[in-house]
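Below is a short briefing on one protein chain. Please keep the sequence and the structure in view while reading.

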Amino acid sequence: MADTLTLFTSIGLSEQKAKETLKNESLSSSLKEAQRVHGASGVDKAMGTLLYSMASRLKDTKRLAFLSESIAQRKICTELQLAAALDFVKGHPQDPINQKEFDEACGVGVVITPEQIEEAVEAVIKKHKDQLLKERYHFNMGLLMGEARSALKWADGKVIKNEVDMQVLHLLGPKTEADLEKKPKVKVLHFWSDAVSGEGKSLMEQLRGEALKFHKPGENYTTEGYVVTPNTMNLLKKHLEFTGGQIRTRFPPEPNGILHIGHAKAINFNFGYAKANNGICFLRYDDTNPEKEEEKYFTAIKDMVEWLGYKPYAITHASDNFHQLYDLAVDLIRRGHAYVCHQKGEELKGHNVPQSPWRDRPIEESLVLFERMKKGLFAEGEATLRMKMVMEDGKMDPVAYRIKYTPHHRTGDEWRCQVK
């Protein structure tokens, strides 16, 4: 056991990750075999990471020696190439493997020159130049990265990002104070101000005045920015049938701290708006982060809501719906709208992160890996489920599920794979 632990740490695995690997008999066996084929010496951290990633994702172990040799000979040097290699061997189960086809499919020997990267980025920036000049640094730079990477499949993502940053700087110049300001959000009603002749009126009177400006039940689609699909009217009709046209709101705090003045505003608005229209309001705890949640916060939040003069119609929890949320996540994967990703947390910070090399992995593969996430077969941070979408603030493919081994206060150890 100690020898195997040393073997795993020698290729760059942390001691914690090496110990987690030892708990998985199948993975341990594959990784040891990969190292044996590769050779005990000459395994640097980059190679070790590829060997580990290959051993953990390869289903047909008869291809383990072939892929290990490809990594040892530095034919497969990046995660992007490895993903392509895994896809290739999965789609070519018969022996022998056609080396020429494999090399072409995995970009073996392909060299992307700095000039090619410069030209590709120039073309992308030229395409979006007008919008870039208009929005400046509020523009979604991830879009530029994504298109440039699509044009240069085997190029180093970091080199592309540096080129994008340099050319954007050349076009727009240094950031101004206006560029550093946060992108303005959609205007919302501020019932606290006197702008609606609220001076001298009670809070409830102001709320009733503001409530008159809201759309009626079933007229959600009239709100600015509301996305209408071919099924919108049918869904709204079903909603009205279910609620009988009653106003229903919810206050959804995270039970990880004491409420502040912003929460008080939200409480008064959600509960007050429902009350002003003879509706109901739910207190719905958003309890999806067991590392920071404590029972005292659940109690304190309920006490504060009641102290402000409101009584919840019902108290619910996000964890009440963990099974349904998981089923919906599986449905998103099946429809091609979500995928399992292995990028690290630090790689996903910010808005201009490189596109995930696993974004186009086969649906069946993501389904299997997501089930493994649920069963706790990955270490924390080793896999996430990401949704294929660009958020309003420009962030691409947000994380929907991650691995957490902290027991949940209501569901215990049932969910190793937890909604974010």
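In this text, two residues are in contact when they have heavy atoms within 4.5 Å of each other. The model is predicted, so local features need pLDDT of at least 70 and side-chain atom pairs count only at pLDDT 80 or more, while totals for chains, interfaces and linings use all residues. Residues are numbered from 1 along each chain as its sequence is written, and side-chain values use heavy atoms, with hydrogens and water left out.

**Overall make-up**

- The protein chain has 18 helices and 7 strands; these are DSSP runs numbered from the N terminus, with helices being H or I of at least four residues and strands E of at least two.
- Of the 420 residues in the protein chain, 40% are buried. Buried means under 20% relative accessible area, exposed means over 50%, and partly exposed is in between, with a 1.4 Å probe and protein chains only.
- Counting contacts between residues at least 6 apart in sequence, 66% join residues at least 24 apart.

**Nonpolar cores**

- A nonpolar core is a set of buried Ala, Val, Leu, Ile, Met, Phe, Trp, Tyr and Cys residues joined through side-chain atoms within 4.5 Å.
- The largest nonpolar core has 30 residues, and L31, M54, L67 and F102 have the most contacts inside it.
- Two or more residues of this core come from each of helix 1 (2-9), helix 3 (25-38), helix 4, helix 5 (64-72), helix 6 and helix 7 (99-106).
- Another core, of 20 residues, lies apart from the largest one and includes V330, A338, F370 and I403.
- Beyond its neighbours within four places in sequence, M54 is in contact with A34, L64, L67, S68, I71 and L82.

**Largest pocket**

- The largest pocket has a volume of about 1400 Å³. A pocket is an open set of points on a 1 Å grid over the protein atoms alone, where a 1.4 Å probe fits and protein lies on both sides within 12 Å along at least five of seven lines. Grid points are joined across faces, edges and corners, and the volume is the space filled by probe spheres set on the points.
- The lining of the largest pocket has 46 residues, and T78, E79, K158, E347 and P357 lie nearest the centre; a lining residue has an atom within 4 Å of a point.
- Helix 4 (45-57), helix 6 (79-91), helix 10 (141-151) and helix 11 (157-172) are the elements that give two or more residues to this lining. Helix 4 gives the most, with 8 residues.
- By class, the lining has 15 nonpolar, 16 polar and 15 charged residues. Ala, Val, Leu, Ile, Met, Phe, Trp, Tyr, Cys and Pro count as nonpolar, Asp, Glu, Lys and Arg as charged, and the others, Gly among them, as polar.

- H342 is in the loop between strand 4 (338-341) and helix 18 (363-374). H342 counts as buried because its relative accessibility is 12%.
- The side chains of H342 and R361 form a polar contact of 3.1 Å, that is, a pair of N or O atoms within 3.5 Å; within protein, one must be able to donate a hydrogen and the other to accept it, and residues adjacent in sequence count only if both atoms are side-chain atoms.
- A polar atom of the H342 side chain also lies 3.1 Å from the backbone oxygen of E382.
- R63 is in the loop between helix 4 and helix 5, and is buried at 5% relative accessibility. The R63 side chain reaches the backbone oxygen of H92 at 3.1 Å.
- Beyond its neighbours within four places in sequence, R63 is in contact with residues including V89, H92, D95 and I97.
- L308 lies in the loop between helix 16 (295-307) and strand 3 (315-317), and is partly exposed at 29% relative accessible area.
- Leaving out neighbours within four places in sequence, L308 is in contact with A264, I267 and N268.

**Backbone geometry**

- Most residues other than glycine have a negative phi, and most peptide bonds are trans.
- D95 and P96 are joined by a cis peptide bond, with omega about -10°. P96 is in the loop between helix 6 and helix 7.
- R136 has a positive phi near 50° and lies in the loop between helix 9 (129-135) and helix 10.
- D397 also has a positive phi, of about 50°, and is buried at 3% relative accessible area.
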